[in-house]
Amino acid sequence: MKTLHFHSQRKRLIDVDNLSAKAVIDGLVRAGILEDDSPQFIESITHTQGKGTPEQTTITIKST
């Protein structure tokens, strides 16, 4: 099982309901980094954000 955490650093914060990682997770599966994105393989996905530059997103993947 894996847990995924996405931290987005932006110049301007966005609404929490606009934080989405679906396309990124699909890309991680296609690249072979994640076996699958089903609940059998991913236990939880969390998102945080903060103000700052440079704008960037950090993805942390942990095995549980």
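What share of the 64 residues in the protein chain is buried? Keep that in mind while we look around. One caution to start: this is a predicted model.

Let's take the layout. The protein chain has 1 helix and 3 strands. Read from the N terminus, the order is β-α-β-β. The C-alpha atoms fill a box of roughly 35 × 20 × 20 Å along the principal axes.

Back to the opening question. Buried residues make up 19% of the chain. Buried here means under 20% relative accessible area.

Now, which residues form the largest nonpolar core? There are 7 residues in it. They are Leu 4, Phe 6, Ala 21, Ile 25, Leu 28, Leu 34 and Ile 42. Two elements give two or more residues each to this core: strand 1 (2-10) and helix 1 (22-30). In soluble globular proteins, nonpolar side chains tend to be buried together.

Pick one core member, Ile 42. What does Ile 42 touch, leaving aside neighbours within four places in sequence? Its contacts include three other residues, Leu 4, Ile 25 and Leu 34, and those belong to the core as well. Ile 42 is also in contact with Met 1, Lys 2, Asp 36 and Asp 37.

Zoom out to the whole chain.

The protein chain exposes about 4700 Å². Carbon and sulfur atoms supply 49% of that area. As for charge, there are 8 positive and 8 negative side chains. The centres of the two sets lie 9 Å apart.

Note on methods. Residues are numbered from 1 along each chain as its sequence is written. This is a predicted model: local features need pLDDT of at least 70, side-chain atom pairs count only at pLDDT 80 or more; totals for chains, interfaces and linings use all residues. Side-chain values use heavy atoms; hydrogens and water are left out. Helices (H or I, at least four residues) and strands (E, at least two) are DSSP runs, numbered from the N terminus. Buried means under 20% relative accessible area, exposed over 50%, partly exposed in between (1.4 Å probe, protein chains only). Accessible areas come from the Shrake-Rupley method with a 1.4 Å probe; for residues, only the protein chains shown count as cover. Lys and Arg count as positive and Asp and Glu as negative; His and the chain ends are not counted. The place of a charge is taken as NZ of Lys, CZ of Arg, CG of Asp or CD of Glu. A nonpolar core is a set of buried Ala, Val, Leu, Ile, Met, Phe, Trp, Tyr and Cys residues joined through side-chain atoms within 4.5 Å. Contact means heavy atoms within 4.5 Å.
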